[in-house]
Amino acid sequence: MKQDRVNATYLVETPYSLQLAAEVIAGEQSTGTFTAVPGETDALKEKFGARIEKVVDLETAGTPTLPGSDSPAGHDGLYRRGLVTLSFPLHNFGPSIPNLMSAIAGNLYELQQLSGLRLVDLELPSAFADRYPGPKFGIEGTRKLTNVYDRPILGTIVKPSIGLAPEQLQKMIIEVSEAGLDFIKDDELNANPPYAPLEAKVKAVMEAIERAADATGKKIMYAFNITGDIEEMKRHHEIVVNAGGNCVMVSIMSVGLAGLAHLNEYSEVPIHGHRNQWGMMTRCPNLGFEFAAYQKLCRLAGADHLHVNGLNSKFYESNESVVRSIQACMAPMYGGYASMPVVSSGQWAGTAIDTYAATKSVDVMHLAGGGILAHPDGAAAGFESMKLGWEAAVKGVPLDEYAKSHLSLKRAIEKYGKG
């Protein structure tokens, strides 16, 4: 790809021809509109127009995915699907993620000529890497801070998600930290609520973490949810860092990519990127974004950790889609930095088997809420069972076989492995 253009590949569905749909998209997102206008010269279109690079026909469908699409006169009733790659001149918007989004997404999803549209891949020129430095910590930096090597970083989520007063949360963190976990995070639902302001939460949690560190010699990584308005995030980041905290979390869809990039400018600790709300962007297979494309923007903007859902989880997403997301986060990009994939949702020791079999990597963060906290013998046994699940996975030993000589794993299978 030329360094002065952005390539965007879309899965397109249309009652028209794919070529016509591609022309409409290219015009709408660059120099054109629904009719010719004065000043839209051939020279201007040549310099600033989006260009059709490739059109690949796929299957046809008998019904449209989305409502509101138009049909040509004499429509044969078929909706054509295919992959369309367009390139946009970088000088139309410059190395700016917010303005890039207007170009590659913008009004596209409202065009009547389209009955389905999904951004599936994105190639960016190096100018974006010059403007956005990406994660400051990523996989390597997170391992250094947690002192965890040669296995996944294992952790849990504060549960119940909502309702714990600071003193109740402190008690839970003491118990869980003393169990030896590597990582704990706030739930995405709990950032700075009136009943438990973040400043009080940070004080309570850090006291618990330091107390546990004195007892165990290990300081757990805790991701404080600082999602909020721009200046609020900055204040809360300072509160966390000044208290000795070593991680902050934001809901990326809530603060936006520009908000994430702003946080990354001054953040002194890893940024744990949560993707809640992502389902509304991707659940329909012919609408929205593929995570492989979106995660590139999240990494540019500075997410050190990125949630990718989990295999065999409680959510709708297929295992194949989750694996693609994990692999995408690890794929080399520009300077080679990678975000650590965060595998979560309905996880327990047994899900390590399929996760490792599909990815052949331990460079993930594997989080289990109930899978650790609700273990029959307590959180310490739940954490141990997670480590054992990964040991079995890496060694290629069947889970039931490995459990014969490891009680915590056996008990985990009894609780979580039924049905």
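Reader: On what basis are the features assigned?

Author: In this predicted model, local features need pLDDT of at least 70 and side-chain atom pairs count only at pLDDT 80 or more, while totals for chains, interfaces and linings use all residues. Residues are numbered from 1 along each chain as its sequence is written, and side-chain values use heavy atoms, without hydrogens and water.

Reader: In what order do the five strands of the open sheet stand?

Author: Strands of a sheet pair through backbone hydrogen bonds, either parallel or antiparallel. Strands here are DSSP runs (E, at least two residues), as are helices (H or I, at least four), numbered from the N terminus; two strands pair if DSSP finds at least two bridges between them. The order is 2-3-1-4-10, with mixed pairing. Strand 2 (51-61) and strand 10 (287-289) are the edges, each pairing on one side only. Strand 2 pairs with strand 3 (residues 79-89) in the antiparallel sense over eight bridges, and Ile52 stands opposite Leu86 in strand 3.

Reader: Is Glu13 buried or exposed?

Author: Buried means under 20% relative accessible area, exposed over 50%, and partly exposed in between (1.4 Å probe, protein chains only). Glu13 is buried at 1% relative accessibility, and Arg81 is buried at 15%.
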